[in-house]
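Visitor: Please pick one part of this model and take me through it closely. I want partners, geometry and the residues involved.

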Amino acid sequence: MGNRSTFGSVYFAIFGFIVLALGIIELVVMGTAGLGVVCRGPLQMGGMFVGWRAIILICAGLIYLSSITNFLDVRQLGKSVVASIMIWIVAGMAIWARIAGSIPGGPEAGTPWFNPDFLATYGPPYMPEIYLLPLSLVILYFVARRRTER
Amino acid sequence: MELTVEQRWDLVDRIAKETIEIGEYEPTLRDVIADVTVKPLTGIPFAIAVIYGLWMFFSGFAGFFTDGFFVKIFDVHFLPWIQSVFPGKGTWLYYIFVGDPAAETCFESFGVLTSGLFLPIGVVLPAIVAFYLVFAFLEDVGYLPRLAVLVDGLLHKIGLHGYAIIPTILSLGCNVPGVTACRSLETRKQRFMMITLLGVFIPCAAQIGMMEGLIPHLIGWVFLALAIGYFAVGFILNKVWPGESPEILMDVPPYQKPTWRNIGRKMGTRTSHFLMEAVPFFLLGCLIVAVLYLTGAMDWLGNALAPVLTGVFGVPEETVAPLVAGFLRKDLAIGLLGGIELTTWQMFTSVVLLCIYFPCLATVALMLKEEKWKEFLATMLVLVVTVFVFGGLLNLIGMGLGTA
């Protein structure tokens, strides 16, 4: 009884499935577009490390799905936390790459030192991991809940 | 009184029985995370994510400083300035210190004050800082011993154990501390094998930084080629080199919050150590290359080595200059490749060859200190054989693919 959370199980079952599906889609994109970048609406996929990202997302999705029974049991919750950390690493690096690429003005002569339009570079499209990041933060609620219950 | 092994274990059992109380233990979330990240099924994907994070941080950080600012500072401002103010254009002194007066980038100029300063400060320094920052973080959090446990089975196949991953990762920063860390390995055989594998197959962060700037799209293939070599040569060495490879028990500490002061201090010490050691070698390397060009020795060397370079490895004879510079610093050598016209396959082969053909001078000096003469000569023999086998194979593959 104490180890069960319907909300946790359902939420991370759906979320894990989405993560897994996005990982598979990234693999398909790699298979069709190679290492080129593909944009569909607000979603951007592909690029040089798409294969690695796809593997990480597929594994994170599977780890989420393996944690949904007895979700509040510490062993199961631990798996979801690890899967979430994997999402945070990939999403964090996508954000970091965007920040690092937005500030310099360019290496050519005559260009400004800092990019005057740097704010514009933060608009969509975004990589799937960035959309997954806020949704994965729900795990912090369960970690905090466990801490208060203990 | 001397105890046999059985008596000692009996004694351990008796002490344990009297002192340890066995009850129910509810693991904490931290315990479970520690456990999940060490089990192969979940630990390997997590390790892939960590290495992906390390790499993306590294390339983003190095790209931000090198492409974002240092290239501009050196190529747009510093190079034209020094080309105009340095006296005696056309003299040998000008050629040594400023390099080619027609050069438009510091990569191409080959001068002591141009390439010699741009490569260590503009290209290598950001890469080194980024690598040591992440390495110190992983060390402080307690992740590295878990990585050691994960790769233990794999490394056992080549006669090493999981902790051999620590010198390997350390060498990805700089080979010198990596070779020093081999002291922690149990037997002379393991130390010899590890030092040889590090010296031949593990590129340092400076080299990786250069590769990142020069061939970002091929870097994965370079690492794949080096990894294949690492395990193949390790496997052979384990079979032919006499000695023991004992089992060990690994102590895996719990995860802990990182101390930023520790991380900053470790990163600062390692970076300053690297700079003190590398910058003089970079300057000396550029000086030697410039002198060899001026005296015509480089052309002579190019002609003498041409049959090997073009015949066996399939690269043009101009690559002799980076090869010479590589005796001092391999990162400098890779940087110098940027000034030579090469096809993609030739660039790939040249980078792999430069990675494996000779460790930098500082690493060789340390190898001489850490290894016996017989071991050192064996390391050099492995190196020569590997260069010819690898270089020849890559050329054959390139010819087979029609890209050489």
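Guide: The close look below is at helix H3 of chain B and its partners.

This is a predicted model: local features need pLDDT of at least 70, side-chain atom pairs count only at pLDDT 80 or more, and totals for chains, interfaces and linings use all residues. Residues are numbered from 1 along each chain as its sequence is written, with chains lettered from A and ligands numbered from 1 in the order in which they are written.

H3(B) runs over residues 40-85. Helices are DSSP runs of H or I, at least four residues long; strands are E runs of at least two; both are numbered from the N terminus.

Start with the partner chain. Chain A holds five helices and two strands, in the order α-β-β-α-α-α-α. Its C-alpha trace spans about 65 × 35 × 20 Å along the principal axes.

Chains A and B each put 26 residues into their contact. Contact here means C-beta atoms, placed from the backbone, within 7 Å. On the chain B side, two elements give two or more residues: helix H2 (29-36) and H3 of chain B. H3(B) supplies the largest share, 20 residues. By class, that side of chain B has 18 nonpolar, six polar and two charged residues. Nonpolar means Ala, Val, Leu, Ile, Met, Phe, Trp, Tyr, Cys and Pro; charged means Asp, Glu, Lys and Arg; the others, Gly among them, are polar.

Helix H2 of chain A (residues 50-66) and H3(B) have axes that come within 10 Å and cross at roughly 140°. Axes are lines fitted to C-alpha atoms, for helices over the stretch in contact, and angles run from 0 to 180 degrees between N-to-C directions. H2(A) and H3(B) are therefore oblique to each other. The classes are: under 35 degrees roughly parallel, over 145 roughly antiparallel, 65 to 115 roughly perpendicular, the rest oblique. The crossing of H2(A) and H3(B) is left-handed: the near helix is turned anticlockwise from the far one by less than a right angle, while clockwise counts as right-handed. H2(A) brings A:Trp52, A:Ile55, A:Ile56, A:Cys59 and A:Ile63. H3(B) answers with B:Thr42, B:Pro45, B:Ile48, B:Ala49 and B:Tyr52. This contact has nine nonpolar residues, one polar and no charged.

Next, a partner within chain B. H3(B) packs on helix H6 of chain B (residues 115-141) at about 155°, axes 9 Å apart. That makes the two helices, H3(B) and H6(B), roughly antiparallel. Their crossing is right-handed. From H3(B) the contact uses residues including B:Phe57, B:Phe58, B:Phe61, B:Phe65, B:Phe70 and B:Phe74. From H6(B), B:Phe118, B:Gly122, B:Pro126, B:Ala130 and B:Val134 are among them.

One residue of H3(B) deserves a stop: B:Gln83. B:Gln83 is buried, with 20 other C-beta atoms within 10 Å. The cut-offs: 20 or more other C-beta atoms within 10 Å is buried, 12 or fewer is exposed, in between is partly exposed, with C-beta atoms placed from the backbone. Leaving out residues up to four places away in sequence, B:Gln83 touches B:Val98 and B:Pro101. B:Cys174 is 91 residues from B:Gln83 along the chain, and their C-alpha atoms are 33 Å apart.

Terms used: Two residues are in contact if their C-beta atoms, placed from the backbone, lie within 7 Å.
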